[in-house]
Amino acid sequence: MQRNLLRSLKLVPLGARHTPRQFTTISSSQIPRKLLAGRYKFHIMPVRGMFIQTQETPNPDSLKFLPGRDVLGTGNTMDFPSIGSATGSPLAKLLFRVEGVKAVFFGGDFITISKTEEAEWGILKAELFAVIMDFFASGLPILTGATPNSDKTQINDDDDETVMMIKELLDTRIRPTVQEDGGDLIFMGYKDGVVQLKMQGSCSSCPSSIVTLKNGVQNMLQFYIPEVVAVEQVSEPSDEVSDKVFESLEKNLKVKEKD
């Protein structure tokens with residue numbers, strides 16, 4: 001079938017890449033003990049030999065944390081755009097307790113943290129390092145009642161040939177590249193030649209996300225699948241509600257600070 005040929009096709013570039021990634025590495029011995037103790041429900045000694053790297057993303061308000069071990073496993077992702085969506089993840093709930101954290105995203109072997117515009121990475125990093133190290137040492141499950149996005153691009157028996165090809169291309173060529181930048185693209189639907197995608201992680205609030213969607217993803221899909229006429233970004237009603245709740249909470253906190 002035509003879709004099976006996608007695996008052997010040469011990748012079309014997604015467009016100009018951003019500036020070279022910058023890495024920061026920290027070990028458990030570098031975390032101040034006072035950050036590791038007393039602030040959270042459990043206190044575990046730092047994981048011996050654990051090193052966490054940070055990696056910049058195209059979004060200045062999002063940063064990738066690489067703990068050097070699996071988070072959700074290869075190909076799996078999970079988005080937590082607000083604290084209200086983190087009920088199914090003990091780790092996400094702890095990360096949201098850090099002041100300045102706006103959103104959390106889990107990938108196969110990384111965690112993307114998005115901050116508010118006012119927050120400074122120089123202040124946030126040490127506390128986030130401590131939370132991540134403490135959690136992995138606890139042995140608690142990362143997810144307790146949430147399902148990763150791995151099934152979003154699964155090919156179903158009732159998918160037509162075009163949808164099969166779109167899902168195949170997204171899963172094998174496009175999503176892995178987007179995940180390298182700390183985000184993900186989720187297939188939401190296809191109708192009248194228009195592919196509907198939801199952007200997550202660092203991509204969801206990135207200033208260049210629309211350019212990436214149009215110049216990168218759309219061009220690639222159209223190159224391999226002539227039936228595709230456009231790609232559009234969509235969001236779910238629950239995401240819009242979460243954004244409004246977060247904005248309201250942020251305004252209330254600013255009012256209290258002035259008082």
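This report describes the fold, the strand pairing and the salt bridges of one predicted protein model.

**Overall features**

The protein has 259 residues, of which 47% are buried. Its secondary structure consists of six helices and nine strands. Of the contacts between residues at least 6 apart in sequence, 67% connect residues at least 24 apart. The protein exposes about 13,600 Å², and carbon and sulfur atoms account for 51% of that area.

The average pLDDT is 77, and 67% of the residues reach at least 70. Residues 31–46 have a pLDDT below 50, although this stretch has 34 contacts in the model beyond near neighbours in sequence. Residues 253–257 also stay under 50. For residues 253–257 the model has one contact beyond four places in sequence.

Strand β3 covers residues 62–66, and five of its five residues are buried, so the strand is largely enclosed by the rest of the structure. In a regular strand, side chains alternate between the two faces of the sheet. Here both faces are covered: Ser62, Lys64 and Leu66 are buried on one side, and Leu63 and Phe65 are buried on the other.

β3 pairs with strand β2, residues 51–56, in the antiparallel sense over four bridges. β2 and β3 form a hairpin, with five residues between the two strands. Within this pairing, Glu56 has Leu63 of β3 as its bridge partner. β3 also pairs with strand β6, residues 111–115, again antiparallel and over four bridges. In that pairing the bridge partner of Leu63 is Ile113 of β6. Leu63 therefore has a bridge partner in each pairing, Glu56 in one and Ile113 in the other, and it belongs to a strand in which five of five residues are buried.

Three strands make an open sheet in the order β7-β8-β9, with mixed pairing. β7 (183–191) and β9 (230–233) are the edge strands; each has a single partner strand, so one side of each lacks a neighbour in the sheet. On average, neighbouring strands of this sheet are turned by 30 degrees against each other, direction ignored.

β7 pairs with β8, residues 194–201, in the antiparallel sense over eight bridges. One of the bridge pairs joins Lys191 to Val194 of β8. Helix α4, residues 161–180, lies across β7 and β8 and runs at about 165 degrees to β7.

**Salt bridges**

Side chains of opposite charge can pair when their charged atoms come close. The model contains four salt bridges, including the three in the table.

| Salt bridge | Distance, N to O |
|---|---|
| Asp61 – Lys115 | 2.9 Å |
| Arg175 – Asp171 | 3.0 Å |
| Arg175 – Asp184 | 2.8 Å |

The Asp61–Lys115 salt bridge links distant parts of the chain, with the two residues 54 apart. Asp61 sits in the loop between β2 and β3, while Lys115 is in strand β6. Asp61 is partly exposed, at a relative accessible area of 22%, whereas Lys115 is buried at 8% relative accessibility.

Arg175 takes part in two of the tabulated salt bridges, one with Asp171 and one with Asp184. Together, Asp171, Arg175 and Asp184 are linked in a salt-bridge network. Arg175 and Asp171 both belong to helix α4 and are four residues apart, about one turn of the helix.

Asp171 is partly exposed, at 37% relative accessibility.

Conventions:
Residues numbered from 1 in each chain as written. Predicted model: local features only at pLDDT ≥ 70, side-chain atom pairs only at ≥ 80, totals over all residues. Heavy atoms only, no water. Pairing = 2+ DSSP bridges. Axes fitted to C-alpha atoms, helices over the stretch in contact; angles between N-to-C directions. Contact = heavy atoms within 4.5 Å. pLDDT = per-residue confidence, 0-100. Buried < 20%, exposed > 50% of the residue type's maximum accessible area, 1.4 Å probe, protein only. Areas by Shrake-Rupley, 256 points an atom, 1.4 Å probe, with all protein chains shown as cover. Salt bridge = Lys/Arg side-chain N within 4 Å of Asp/Glu carboxyl O.
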